[in-house]
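I opened this model to look up its sheets, its cores and a ring contact. My notes follow in the order I made them.

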Amino acid sequence: MWRRFWTLVAGAARGPRSPRSCTRQGSGAPVPGSGATVFALSSGQGRCGIAVIRTSGPASGHALRSLTAPQDLPPARSACLRLLSHPRSGEPLDRALVLWFPGPQSFTGEDCAEFHVHGGPAVVSGVLQALETEAQRRQALRQLDGELGHLCRAWAKTLTKALAHVEAYIDFSEDDNLEEGVLERVDSQVRELELALSAHLRDARRGQRLRSGAHVVVAGPPNAGKSSLVNLLSRKPVSIVSPEPGTTRDVLETPVDLAGFPALLSDTAGLREGVGPVEQEGVRRARERLEQADLILAVLDASDLASPSSCNFLDTIVTPAGAGNPKENSQRLLLVLNKSDLLPRGGPDPSPNLPPHLLLSCLTGEGLDGLLEALRKELAEVCGDPSTGPLLTRARHQHHLQGCLDALGHYKQTKDLALAAEALRLARGHLGRITGGGGTDEILDIIFRDFCVGK
């Protein structure tokens, strides 16, 4: 799908000439030579190793300069490796091959540029400035730069040294050439490594959420404004909004960017009893989604807090979840009082006895900034913050780190040194699937370096 470049970019590329607006003909796509600058993912949708993004139009050169600043345009029709950065924030997006095709010697006859980027959805979407999020791009670049690799290599170095020392003890301890306390030091290193691996694996679920999106469920009694909130957060009409209670009878889901984090936003049926079989099935599905949610957005009508449906929702959903004060490993919940525009201006808090909550008007948008900031903090806890360290987002990494941890458990349990060495060798092999290395030569080098043997 072709898209229009920023107006300022196109204007800058055209220079002092009088500006011409992008024209759309037929299907709505700008035609070559119309003065529009368009861009698209030309390698097709779906996962791939390398994705190709092409631009065509007078602003192509300026766009290429903006993304690769401070470097100038590459030589025409020559591939160059460049760091792509966001033209406004300066944040790194990817390291990519870029090509410059000045018109008319291009496939459209106009100035064209190509960006050959890594094919992960976060990277592609970041370059296209579309739906993927800043947090995913930061995490993708951190793993690309090898931060997780550096961490695993440090663990692998510790394991290789531990294995070499155990092997040395097995082979040379009778020669009295080894220092005292060799095995005690190995035990200490293994314990420290176990703690580090366990802590990192506890973050694995958060890394998976950062990769695939946290599940955020909007729930509440009928007519609280749940569908209005879903539409406001997704910035599109996902759900039908009506004053009639029970409009939403099924779970409607849409992927969104919430405060810089990926999320799957679910609009659910209003929770109430004594309704028809169709709506009752919707209520059952809503309760099912609540059990699966990473974060619940609990919505109440600020002008109707004393109603039986509001009180029942507070008692059955909000209070058990501990809104605003989640315990470790418990479900997280944000309580939102919607329809604040119906409250008297400057009046007292309508609900001083409620748990911590946010006031919002989906009609006017008042309170939205506060809600987004609260969502950012909650989702940072749910998904993890990639700026604080690398997160596990790959199932393969998680599998091998878990295998390494399991092998270290076997090491601690065995009393036989040969079996202990084998457990360390197995643990090192799992890390080697991520980092490489760990061969026999590396182990022998450590033995001869650290002990006075074979000299």
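I count two strands as paired if DSSP finds at least two bridges between them. Strands (E, at least two residues) and helices (H or I, at least four) are DSSP runs, numbered from the N terminus. The model is predicted, so I keep local features at pLDDT of at least 70 and side-chain atom pairs at pLDDT 80 or more, while totals for chains, interfaces and linings use all residues. Residues are numbered from 1 along each chain as its sequence is written, and side-chain values use heavy atoms, without hydrogens and water.

**Entry: around β5.** I looked up the partners of β5. Trp100 stands opposite Ala113 in β6. β5 and β6 (residues 112-118) pair antiparallel over five bridges. β4 (residues 80-85) is also antiparallel to β5, joined by six bridges. There, Cys80 stands opposite Val98 in β5. I then checked burial (buried is under 20% relative accessible area, exposed over 50%, partly exposed in between; 1.4 Å probe, protein chains only). Seven of the ten residues of β5 (residues 92-101) are buried, so the strand is largely enclosed by the rest of the structure.

**Entry: the six-stranded sheet.** I read the strand order as β8-β9-β7-β10-β11-β12, an open sheet with mixed pairing. β8 (252-258) and β12 (358-359) are the edges; each has a single partner strand, so one side of each lacks a neighbour in the sheet. β11 (residues 332-338) and β12 are parallel, over two bridges. Leu337 has Leu359 in β12 as its bridge partner.

Next I checked the helices on this sheet. I take contact as heavy atoms within 4.5 Å. Axes are lines fitted to C-alpha atoms, for helices over the stretch in contact, with angles from 0 to 180 degrees between N-to-C directions. Helix α11 (residues 368-383) packs on the sheet and touches β7, β8, β9, β10, β11 and β12; its direction makes about 170° with that of β11.

**Entry: nonpolar cores.** I use the term for buried Ala, Val, Leu, Ile, Met, Phe, Trp, Tyr and Cys residues joined through side-chain atoms within 4.5 Å. The largest core has 31 residues, and Leu159 is among those with the most contacts inside it. α5 gives the largest share, nine residues. A second, separate core of 27 residues includes Leu233, Leu258, Val299 and Leu368. I also listed what Leu159 touches, leaving out residues up to four places away in sequence: Leu193, Cys404, Leu408, Leu424, Ala427, Arg428 and Leu431.

**Entry: charge over ring.** My criterion is NZ of Lys or CZ of Arg within 6 Å of the ring centre and within 35 degrees of the ring normal. The charged end of Arg54 sits over the ring of Phe107, 4.8 Å from its centre.
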